[in-house]
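I opened the notebook to go through this model piece by piece. Below is what I looked up, entry by entry.

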Amino acid sequence: MMRFAKADGLGNDFILVERTGCPPDAAPWARRLCDRHEGIGGDGVLVYFVEGGRVHMRLINADGSDAEISGNGVRCLAAWAASRGLVPLRHVVQTVPGPRPVAVEHVGGTRYRVSTDLGPAILGSRDIPVRLDPPRDRVIDHPLQAAGETVHITATSLGNPHCAVFMDAPPDDARLVRLGPVLESHAFFPQKTNVQFVSVPSRGEIRVRFWERGVGYTRASGTGSASAAVAAVIKGLADRKLRVVCDGGVLAVDWPEGGHVHQVGEVEMLFEGDWLAEGPR
């Protein structure tokens, strides 16, 4: 029997499991847990432990692949750990790219608002990474062939790779599903990529739809929202303090000149339970 919790950040949902519950062969286990018909259902599994006042996070995507970080995942895990008294309201979530300081605020019921320091925006082509020779300091409006059309991507990273495609209006589901997986696995991205489809109604707001690496369509993305905001800023389309409107809700992103990317958004603790199944089928 394995104890778990379920949480979501604007519809981007995760299964939280303490490290002792994670088997050595984690990929098939995570795929089964995330299955929305024969499992608990989720975009990923957050495997965690608490040590030295920090919450250590491993993210396993719904397809069983490991990922470096999730902004919504960081917020979900931060709120869960603080709500259970494992850490104070202000603490640090340790991720693969490094420590991410957080501040948790209870806003009522099972809902929490979490502020996160997502670290510096990574803009150099070698560090994102993308395949460019010679390398560039920034990758803005680079043309790629995808699903029979030419799209222009702006690539960034917040410890995980992202590319933003700017459009006049949000794509419909058919176009998102057609372009998303092709861009995710495009040879231009040696570690694959998360994809954001971005429209800019004003300098203080962007609208984003997401296709996530290892997950597919999701209603929101923390690092995706922040990366889309960074991309809009470096393209000169938006101010450094933004509302990011996702299918699942709104995140606030602030990227001060020369500073780290900060994000604020709500999460909800959904339920807890015991996983009784023996393992993957």
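How many cavities of 30 Å³ or more are there? I found one cavity of 30 Å³ or more. Here a cavity is a set of points, on a 1 Å grid over the protein atoms alone, where a 1.4 Å probe fits but cannot get out. Grid points are joined across faces, edges and corners, and a volume is the space filled by probe spheres set on the points.

**Ground rules.** I am working with a predicted model, in which local features need pLDDT of at least 70, side-chain atom pairs count only at pLDDT 80 or more, and totals for chains, interfaces and linings use all residues. Residues are numbered from 1 along each chain as its sequence is written, and side-chain values use heavy atoms, with hydrogens and water left out.

**Cavity.** I looked up the volume of the largest cavity and got about 120 Å³. Its lining has 16 residues; a lining residue has an atom within 4 Å of a point. Leu59, Asn61, Ile69, Asn194 and Glu212 lie nearest the centre.

**Asparagine 61.** I took this one next, from the cavity list. Asparagine 61 sits in strand β4, residues 54–61. Strands (E, at least two residues) and helices (H or I, at least four) are DSSP runs, numbered from the N terminus. Asparagine 61 has a relative accessible area of 5%, so I noted this residue as buried. My cut-offs are under 20% relative accessible area for buried, over 50% for exposed, and partly exposed in between (1.4 Å probe, protein chains only). A polar atom of the asparagine 61 side chain lies 3.3 Å from the backbone oxygen of arginine 213. I also listed the contacts (heavy atoms within 4.5 Å). Beyond four places in sequence, asparagine 61 touches Ala30, Asp43, Gly44, Ala67, Arg213, Gly214 and Val215.

**Histidine 162.** Is histidine 162 buried or exposed? Histidine 162 is buried, at a relative accessible area of 0%. I placed this residue in strand β11, residues 161–166. The histidine 162 side chain makes a polar contact of 2.8 Å with the side chain of glutamine 196. A polar contact is a pair of N or O atoms within 3.5 Å; within protein, one must be able to donate a hydrogen and the other to accept it, and residues adjacent in sequence count only if both atoms are side-chain atoms. Not counting residues up to four places away in sequence, histidine 162 touches several others, including Thr154, Asn194, Thr223 and Ser227.

**Helix α4.** I checked the length of α4, residues 222–234. The expected span is 1.5 Å times one less than the number of residues. Burial came next: 13 of the 13 residues are buried, so α4 is largely enclosed by the rest of the structure. At the start of α4, a side-chain oxygen of serine 221 comes within 2.9 Å of the backbone nitrogen of glycine 224. After α4 comes glycine 236, with a positive phi near 80°.

**Salt bridges.** Side chains of opposite charge can pair when their charged atoms come close. I counted a salt bridge where a side-chain nitrogen of Lys or Arg is within 4 Å of a carboxyl oxygen of Asp or Glu. The count is 21 salt bridges.

- Aspartate 274 and arginine 3 meet at 3.2 Å, N to O. This pair links strand β17 (residues 262–275) to strand β1 (residues 2–9), 271 residues apart. Aspartate 274 is partly exposed at 38%, and arginine 3 is partly exposed at 47%.
- Glutamate 266 pairs with arginine 113, with the closest N and O atoms 3.4 Å apart. Glutamate 266 is in strand β17 and arginine 113 in strand β8 (residues 111–117), 153 residues apart.
- Arginine 175 pairs with glutamate 149 at 2.6 Å. Arginine 175 lies in helix α3 (residues 173–184) and glutamate 149 in strand β10 (residues 149–157), so the pair ties together parts 26 residues apart in sequence.

I also noted a network: Glu105, Arg111, Arg113, Glu266 and Glu268 are joined by salt bridges that share partners.

**Leucine 144.** My last entry is in strand β9, residues 139–146, where leucine 144 lies. At 6% relative accessibility, leucine 144 counts as buried. Among its contacts beyond four places in sequence are Val151, Leu183, Phe188 and Phe189.

Key: 1 Å grid on protein atoms, 1.4 Å probe; cavity = no way out; pocket = protein on both sides within 12 Å on 5 of 7 lines; lining within 4 Å.
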